[in-house]
Amino acid sequence: MEFYLPMSWKNKKLILMGSGAIALPTFRALCESQAHIACVYTQPPRPKGRKWQMTMTPVGQWACEQNLPTRTPTTLRCAEEKEILANFQADAVILVAYGLIIPKDVLNLFPQQCINLHPSLLPQWRGAAPIVYALWNGDRQSGVSVMLMDPGMDTGPVLAQETTLITQDMTTPRLTHILAEQGAQLIMKTVPLYWSGHIKPQNQQGQATYAPRLSKNDGAMDWSQPISALDHQVRALSPWPGTYFFKNDQRIVVKDLEICPHTPAISSPRGQILDEGWIVCKDGLVRPVSVVPEGKKPTLWSKIWPCF
């Protein structure tokens with residue numbers, strides 16, 4: 001990945017803060033730019049999978065592969081961690097999907113500020129899950145914002161934004177990949193322009209919306225909803241927390257959804273399974289394609305629906 005910049009990153013001493021895979025294109029580009037990476041901050045390893053094994057974040061795994069100094073504190077609020085950060089004497093922090101709150105006194109440590117790549121068109125979808133909420137809400141476009149951090153939640157002034165269209169078949173993993181690549185290019189060309197005085201920060205304009213952390217309960221499907229809402233929910237909440245419904249006291253996770261191309265007159269109650277596995281919702285018929293019955297391996301809905 002190459003970038004043509006008015007100012008080199010070469011002599012910049014940076015701290016990288018990130019946890020999710022969406023940060024990796026940006027962090028890889030920074031390494032290729034010959035910036036000096038003083039340390040990578042990421043969230044601590046957590047138990048994951050059926051065997052509940054301790055697993056590093058995607059950023060943590062990448063930092064180990066690159067032999068970069070890495071820290072995994074549970075908080076940045078303590079005096080000890082603040083002292084460690086100050087001792088790096090870094091010029092700036094580049095933050096992407098870190099997941100921890102950055103206190104004001106930490107923000108003030110860096111002369112060229114803390115700069116955040118956020119995967120939404122701020123002030124839309126401030127918070128932890130902006131990509132999911134953009135899809136769940138049925139937005140027609142998303143994008144990335146490069147912003148200066150302040151003590152608020154994604155409230156700082158914006159340096160640059162770029163949009164991307166959301167297609168009807170877009171899922172959270174696909175949109176995440178697109179915005180990760182788009183964001184890496186935007187931050188690499190924007191930040192040097194800001195440092196050289198060619199870009200001035202702009203306060204966020206418009207009505208803010210919020211994207212709070214998700215829970216497993218968010219995946220419950222409600223057959224009284226219209227087709228569009230169910231489709232948005234399935235595409236947005238994959239792979240986690242996943243969308244699901246219960247039939248005969250069995251939880252069935254829906255991986256993808258098919259929409260009936262015509263809308264027949266239906267007198268059956270919502271949620272009832274009809275011929276060929278179609279399920280009645282508010283304004284038509286839908287049916288799962290790939291499913292995961294509780295306690296079983298993934299399968300096709302066409303193979304199991306007659307059991308219900």
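A charge is said to sit over a ring if NZ of Lys or CZ of Arg is within 6 Å of the ring centre and within 35 degrees of the ring normal. Lys-12 does this with Trp-195, lying over the ring face at 4.9 Å from its centre. This is a predicted model, where local features need pLDDT of at least 70 and side-chain atom pairs count only at pLDDT 80 or more, while totals for chains, interfaces and linings use all residues. Residues are numbered from 1 along each chain as its sequence is written, and side-chain values use heavy atoms, with hydrogens and water left out.

**Aromatic pairs**

- Rings of Phe, Tyr and Trp (its six-membered ring) pair if their centres lie within 6.5 Å, with planes under 30 degrees apart called stacked, over 60 edge-to-face and the rest tilted.
- That rule gives 8 aromatic pairs here.
- One of them is Trp-9 with Trp-195, an edge-to-face pair at 5.2 Å centre to centre and 65 degrees between the planes.
- Trp-9 is in the segment before β1 (13-18) and Trp-195 is in helix α6 (residues 172-195), so this pair ties together parts 186 residues apart in sequence.
- Helices (H or I, at least four residues) and strands (E, at least two) are DSSP runs, numbered from the N terminus.
- Trp-9 is buried at a relative accessible area of 1%, and Trp-195 is buried at 15%.
- Buried means under 20% relative accessible area, exposed means over 50%, and partly exposed is in between (1.4 Å probe, protein chains only).
- Trp-223 and Phe-245 have ring centres 5.4 Å apart and planes at 70 degrees, so they are edge-to-face as well.
- This pair links distant parts of the chain, with Trp-223 in the loop between β11 (210-211) and α7, and Phe-245 in strand β12 (residues 243-247), 22 residues apart.

- Two strands pair if DSSP finds at least two bridges between them.
- β12 and β13 (residues 250-254) run antiparallel and are joined by 5 bridges.
- Phe-246 stands opposite Arg-251 in β13.
- The charged end of Arg-251 sits over the ring of Tyr-244, 3.9 Å from its centre.

**Helix α7 and the second largest pocket**

- 8 of the 10 residues of α7 are buried, so the helix is largely enclosed by the rest of the structure.
- Among the buried ones are Asp-231, His-232 and Arg-235, and these three also line the second largest pocket.
- A pocket, on a 1 Å grid over the protein atoms alone, is an open set of points where a 1.4 Å probe fits, with protein on both sides within 12 Å along at least five of seven lines; lining residues have an atom within 4 Å of a point.
- The second largest pocket holds about 230 Å³ of space, the volume being the space filled by probe spheres set on the points.
- Helix α7 (residues 227-236) gives the largest share of this lining, 4 residues.
- The lining divides into 3 nonpolar, 5 polar and 4 charged residues.

**Back to helix α6**

- Met-188 is found in helix α6 and counts as buried at 1% relative accessibility.
- Met-188 and Ser-33 are 155 residues apart in sequence, with their C-alpha atoms 8.9 Å apart in space.

Definitions and conventions: Nonpolar A, V, L, I, M, F, W, Y, C, P; charged D, E, K, R; others polar.
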